[in-house]
Amino acid sequence: MTQEAPIIGLHPWLATPPGRYLAAWEQARLDALVGDIFGFHAVQLGLPEVDGLRSNRMPHRWLVVGEQGDLAVERPASLSDDPPADDNSAPAATQPAPVAAAVLCDFDALPFASQSLDLVVLPHTLELARDAHQALREVERVLVPEGRVVVLGFNPASLWGLRQWFGRWALRLGLAHESRALFLPRTGEFIAQRRLRDWLRLLGFEVESAGFGCWRPALRSQRWLDRWRWMEPTGERWWPVFGAVYMVVAIKRVRGMRLIGPAWKRAPAPRASPAVATHRHHHRHHHRLSSGR
């Protein structure tokens with residue numbers, strides 16, 4: 001009987017049945033979300049397996065990776081330098097431009113000017129970052145006022161998180177091997193959504209929307225994951241906060257700043273109200289005549 005190799009990183013874990021199930025859910029939610037976010041510059045930090053900017057229409061988009069090994073990960077076609085050669089593709093006027101080549105840098109020191117980006121996507125980036133607080137501060141620095149950040153992360157308060165918690169204790173007690181004890185990647189620190197909200201609030205962000213997904217149990221087999229497909233609509237309705245993954249969208253707010261639109265029409269100058277004639281003298285003369293009686 002062959003022994004399974006331990007899963008220690010996020011990239012190899014995404015090739016497993018639960019990893020593909022998670023990536024498919026995140027890709028669908030990102031496609032529906034970022035298509036309605038407009039601007040000029042967008043960046044995705046990490047996780048090349050999920051094309052978070054695929055449906056976005058911004059003219060300038062980049063993929064930033066934090067490790068040299070991430071450059072070797074096979075990326076979707078829309079993340080390549082050249083547009084896909086397809087005669088049946090959408091016209092150039094409506095088809096989003098391809099994402100530029102990957103940029104290799106540290107997430108806590110981004111090579112972008114302050115207030116230069118309109119959208120930043122963080123798919124499990126904070127969990128794997130060397131310093132999650134500093135990485136989030138860098139995101140706040142490079143975002144323009146009213147810019148958006150999209151954060152995806154594992155939910156510790158879920159069936160998957162509970163399975164991982166028991167697995168870590170089994171490893172500490174020597175009751176199981178790493179390949180069977182841990183269900184999720186070992187690297188990184190899972191951040192609860194409430195904790196993330198506090199971090200965002202301290203940096204001046206306002207949470208616009210939040211949601212959970214992936215309610216199936218922590219199963220390794222694709223066949224068993226398919227059998228528990230009925231838990232998706234049930235979990236979304238009855239226990240939504242126990243999804244295995246969450247997505248938070250926040251807007252950067254700047255105090256004392258108010259965005260106004262262009263003045264297409266000048267407001268007309270207020271006209272002076274016409275003078276109203278009074279008859280005070282007439283009333284006074286009438287009062288004297290009445291008194292003389």
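Which residues does Pro156 touch, not counting residues up to four places away in sequence? In this predicted model, Pro156 touches Gly161, Leu162, Phe190, Ile191 and Ala192, with that sequence limit applied. Contact here means heavy atoms within 4.5 Å. Pro156 sits in the loop between S5 and H5. Its relative accessibility is 33%, which counts as partly exposed. Buried means under 20% relative accessible area, exposed over 50%, and partly exposed in between, with a 1.4 Å probe and protein chains only. The C-alpha atoms of Pro156 and Ala244 are separated by 7.6 Å, although the two residues are 88 apart along the chain.

The model is predicted: local features need pLDDT of at least 70, side-chain atom pairs count only at pLDDT 80 or more, and totals for chains, interfaces and linings use all residues. Residues are numbered from 1 along each chain as its sequence is written, and side-chain values use heavy atoms, with hydrogens and water left out.

The protein chain has 10 helices and 7 strands. These are DSSP runs numbered from the N terminus: helices are H or I with at least four residues, strands are E with at least two. Of the 293 residues in the protein chain, 39% are buried. The chain exposes about 17800 Å², and carbon and sulfur atoms supply 56% of that area. Accessible areas come from the Shrake-Rupley method with a 1.4 Å probe; for residues, only the protein chains shown count as cover. Among contacts between residues at least 6 apart in sequence, 72% join residues at least 24 apart.

The interior was examined next. A nonpolar core is a set of buried Ala, Val, Leu, Ile, Met, Phe, Trp, Tyr and Cys residues joined through side-chain atoms within 4.5 Å. The largest such core holds 30 residues. Within this core, Leu45, Val120, Leu122, Leu126, Val149 and Leu196 touch the most other members. Several elements each supply at least two of its residues: strands S1 (41-45), S4 (117-123), S5 (143-154), S6 (205-213) and S7 (245-252), and helices H4 (132-142) and H7 (193-202). H4 gives the most, with 5 residues. Leu196 touches Leu126, Leu136, Val151, Ile191, Tyr246 and Val248, not counting residues up to four places away in sequence. Another core, of 29 residues, lies apart from the largest one. Its members include Val121, Leu152, Leu184 and Cys214.

Charged pairs were then considered. Side chains of opposite charge can pair when their charged atoms come close. A salt bridge is a side-chain nitrogen of Lys or Arg within 4 Å of a carboxyl oxygen of Asp or Glu. A search of the whole structure finds 11 salt bridges. One of them joins Asp106 and Arg130, at 3.5 Å from N to O. Asp106 lies in the loop between strand S3 (103-104) and S4, and Arg130 in the loop between helix H3 (125-128) and H4, so this pair ties together parts that are 24 residues apart in sequence. Arg130 also forms a salt bridge with Asp108, and here the closest N and O atoms are 3.0 Å apart. This second pair links distant parts of the chain, 22 residues apart, with Asp108 in the loop between S3 and S4. Asp106 is partly exposed at 38% relative accessibility. Arg130 is exposed at 65%. Asp108 is buried at 17%.

Arg148 and Glu208 meet in a further salt bridge, at 3.0 Å from N to O. Arg148 lies in strand S5 and Glu208 in strand S6, so the pair ties together parts that are 60 residues apart in sequence. Arg148 is partly exposed, with a relative accessible area of 23%. Glu208 is also partly exposed, at 42%.

Helix H9 spans residues 231-238, and its residues Met231, Glu232 and Gly235 are buried. Seen down the axis of H9, its buried residues fall within an arc of 100 degrees, so they line one face of the helix. The arc is that of the directions from the helix axis to the C-beta atoms. These buried residues pack against helix H2 (17-34). The face of H9 turned away from its buried side carries the exposed residues Pro233, Arg237 and Trp238.
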